[in-house]
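Reader: Hi, I'm new to this one. Could you put it up and walk me through it slowly?

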Amino acid sequence: MNTRVENRRTDDEQRAPALQLMALLDRHLTLHRNLLQLAYQKTDVLKRGDMDGLMQLIQKEQTAIAAIQQLERERAQLVAAWSDGGHPLTLADCLPKMDEEERQKAEQLASELLDVINELQAVNELNGQLIRQSLQWVTLMLDQLMPQPPNVNYTAPNQSTRQYGHGRSRSLFDSKA
């Protein structure tokens, strides 16, 4: 009877890292879904041009990213403890150490997490394009509103004036000042 209790205890001890890893994966998935929602909200805010809303979303994103980074540190510690002092394990290295039910659940969580991360990358790329377009529009408007400085340097008739200015237009923000 004692051996059954001892075997059950060792089974539970062996399962504990797997259960902790699945709990971490589930929290990762939740945090990444939250980050994805923020990215979609950012798209709407960028389309409206709402700078106050954008700043609020950026703060929320930073909080979510900090939570994900903390969770990643926890995952690294868990996996390092599970690796028995060898090289750091990846999720793929951990899967064979799990029983079948745990392995399937971990694979499902990892697959969902990968899908959310891919969708998040696509939304962030769209948001980046929206920001670049907004910056191009602002630059165009500034160039239209700001008069070009007159050419005060002597140039030979066969030389281009672009050589001296290196082809740049005047900017509101002069970094050499």
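Author: Gladly, and I will begin with the contacts: among those in the protein chain between residues at least 6 apart in sequence, 67% join residues at least 24 apart, where contact means heavy atoms within 4.5 Å. This is a predicted model, in which local features need pLDDT of at least 70 and side-chain atom pairs count only at pLDDT 80 or more, while totals for chains, interfaces and linings use all residues. Residues are numbered from 1 along each chain as its sequence is written, and side-chain values use heavy atoms, with hydrogens and water left out.

Reader: OK, and how many helices and strands does the protein chain have?

Author: The protein chain has five helices and zero strands, with helices (H or I, at least four residues) and strands (E, at least two) taken as DSSP runs numbered from the N terminus.

Reader: Switching topic: is Lys42 buried or exposed?

Author: Lys42, which lies in helix α1 (residues 2-48), is buried because its relative accessible area is 12%, and buried means under 20%, exposed over 50% and partly exposed in between (1.4 Å probe, protein chains only).

Reader: What does Lys42 touch?

Author: Not counting residues up to four places away in sequence, Lys42 touches Leu54, Leu57, Glu61 and Asn127.

Reader: What about Asn118?

Author: Asn118 lies in helix α4 and counts as partly exposed, because its relative accessibility is 39%. Asn118 and Leu36 are 82 residues apart in sequence, yet their C-alpha atoms are 10.0 Å apart in space.

Reader: Last one: which residues form a nonpolar patch on the surface?

Author: Trp137, Val138, Leu140 and Met141 form that patch, with about 380 Å² of accessible area together. One of them, Leu140, is found in helix α4 (residues 100-145) and is partly exposed, since its relative accessible area is 45%. Patches are made of residues with over 30% relative accessible area and no salt bridge, with like charges joined within 9 Å and nonpolar side chains (Val, Leu, Ile, Met, Phe, Trp, Tyr) within 5 Å. A salt bridge is a side-chain nitrogen of Lys or Arg within 4 Å of a carboxyl oxygen of Asp or Glu, and accessible areas come from the Shrake-Rupley method with a 1.4 Å probe, where for residues only the protein chains shown count as cover.
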